[in-house]
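Here are my notes on the model you sent over.

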Amino acid sequence: MEFPDKKVNHYCEDHTTAESSVLSDLNRKTHLKVLMPNMLSGHLQGRLLAMLSSMIRPERVLEIGTYTGYSAICFAEGLKEGGKITTIDINEELEDIVYTYLEKAGVSDRVDFIIGNALELIPGMEGEFDLVFIDADKENYLKYYELVLPKLKPGGFIIADNVLWSGKVLDGAKHQDAETSALIEFNETIHNDPRVANILLPVRDGLMLLRKI
């Protein structure tokens with residue numbers, strides 16, 4: 001995973017509110033102990049997710065792809081009083097880290113962490129969500145989108161991570177792997193879907209932010 005100009009990214013981080021000590025510790029632990037640490041949202045993107053959550057003030061958040069729990073902790077910062085985050089991940093090997101840091105961040109009572117296949121779990125979920133974060137296997141982004149859109153409140157938001165895919169989406173003819181092809185199709189579908197308004201932000205590996213009309 002390659003991100004935009006590192007000097008620009010560092011400058012942005014230097015002029016962004018610092019991550020909490022718990023998030024900083026989780027950031028460091030993820031890079032030391034977990035494979036593919038670039039999957040972590042990290043300082044800059046994490047502060048953006050926390051800011052968006054604070055602006056939206058969601059009562060119910062659905063996160064598809066927990067990883068080590070960094071983004072869930074960020075979303076918890078903006079939850080409405082009594083709000084809940086449901087976060088799903090298929091990898092049970094990171095369960096201990098997730099629970100440890102949700103507890104350290106003081107948000108374990110606001111986060112329901114589920115180990116399982118999101119494609120199987122989402123259809124059975126009742127009620128509506130104010131905010132959905134998609135950050136799981138890229139080949140299934142469109143499937144996740146179609147599953148969650150009917151469960152999203154009118155005016156609700158979906159954020160999808162990694163939609164630039166290290167810039168590979170710019171040249172689909174050169175990069176014909178399944179993940180790149182899936183993300184190109186996802187980006188085009190979102191952009192042409194009259195049910196939503198969208199903006200693609202070049203933050204880290206690309207964030208697609210959309211609102212249900």
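1. Let's start with the open space, bearing in mind that this is a predicted model. Two elements, β2 (84-89) and α6 (118-121), each put at least two residues into the lining of the largest pocket. That pocket holds about 820 Å³ of space.

2. Who else sits around the pocket? The lining runs to 34 residues, and the ones nearest the centre are M36, M39, Y67, A136 and D137. By class, the pocket lining splits into 16 nonpolar, 9 polar and 9 charged residues.

3. The structure has 1 cavity of 30 Å³ or more, and the largest cavity contains about 50 Å³. If you want to find it on screen, pick M39, L40 and S41, then G65 through the run T66, Y67, T68, G69, Y70 and S71, and finally D135; these residues line it. The lining counts 4 nonpolar, 6 polar and 1 charged residues. Note that M39 and Y67 turn up here and also among the residues nearest the centre of the pocket.

4. On to the sheet. What is the strand order? Reading across, it goes β3-β2-β1-β4-β5-β7-β6, an open sheet of 7 strands with mixed pairing. From one strand to the next, the twist averages 15°.

5. To get your bearings, find A197, which stands opposite R211 in β7.

6. Two helices deserve a look against this sheet. Helix α3 (residues 42-56) lies across β4 (129-134), β5 (152-161), β6 and β7, and runs at about 180° to β5. Helix α7 (residues 141-148) also packs on the sheet, where it touches β1 (60-64), β4, β5, β6 and β7. The direction of α7 makes about 165° with that of β5.

7. How does α7 sit against α8? The axes of α7 and helix α8 (residues 178-191) come within 9 Å and cross at roughly 35°. From α7, the residues involved are Y141, L142 and Y145; they meet L183, E185, F186, T189 and I190 in α8. Sorted by class, this contact has 6 nonpolar, 1 polar and 1 charged residues.

8. Last, the charged pairs. How many salt bridges does the structure hold? There are 9. One to check is K104 with D25, whose side chains meet at 3.6 Å, N to O. K104 belongs to helix α5 (residues 95-104) and D25 to helix α2 (residues 21-33), so this pair ties together parts that lie 79 residues apart in sequence.

Terms used: Residues numbered from 1 in each chain as written. Predicted model: local features only at pLDDT ≥ 70, side-chain atom pairs only at ≥ 80, totals over all residues. Heavy atoms only, no water. 1 Å grid on protein atoms, 1.4 Å probe; cavity = no way out; pocket = protein on both sides within 12 Å on 5 of 7 lines; lining within 4 Å. Points joined across faces, edges and corners; volume = space filled by probe spheres on them. Nonpolar A, V, L, I, M, F, W, Y, C, P; charged D, E, K, R; others polar. Helix = DSSP H or I, 4+ residues; strand = E, 2+ residues; numbered from the N terminus. Pairing = 2+ DSSP bridges. Axes fitted to C-alpha atoms, helices over the stretch in contact; angles between N-to-C directions. Contact = heavy atoms within 4.5 Å. Salt bridge = Lys/Arg side-chain N within 4 Å of Asp/Glu carboxyl O.
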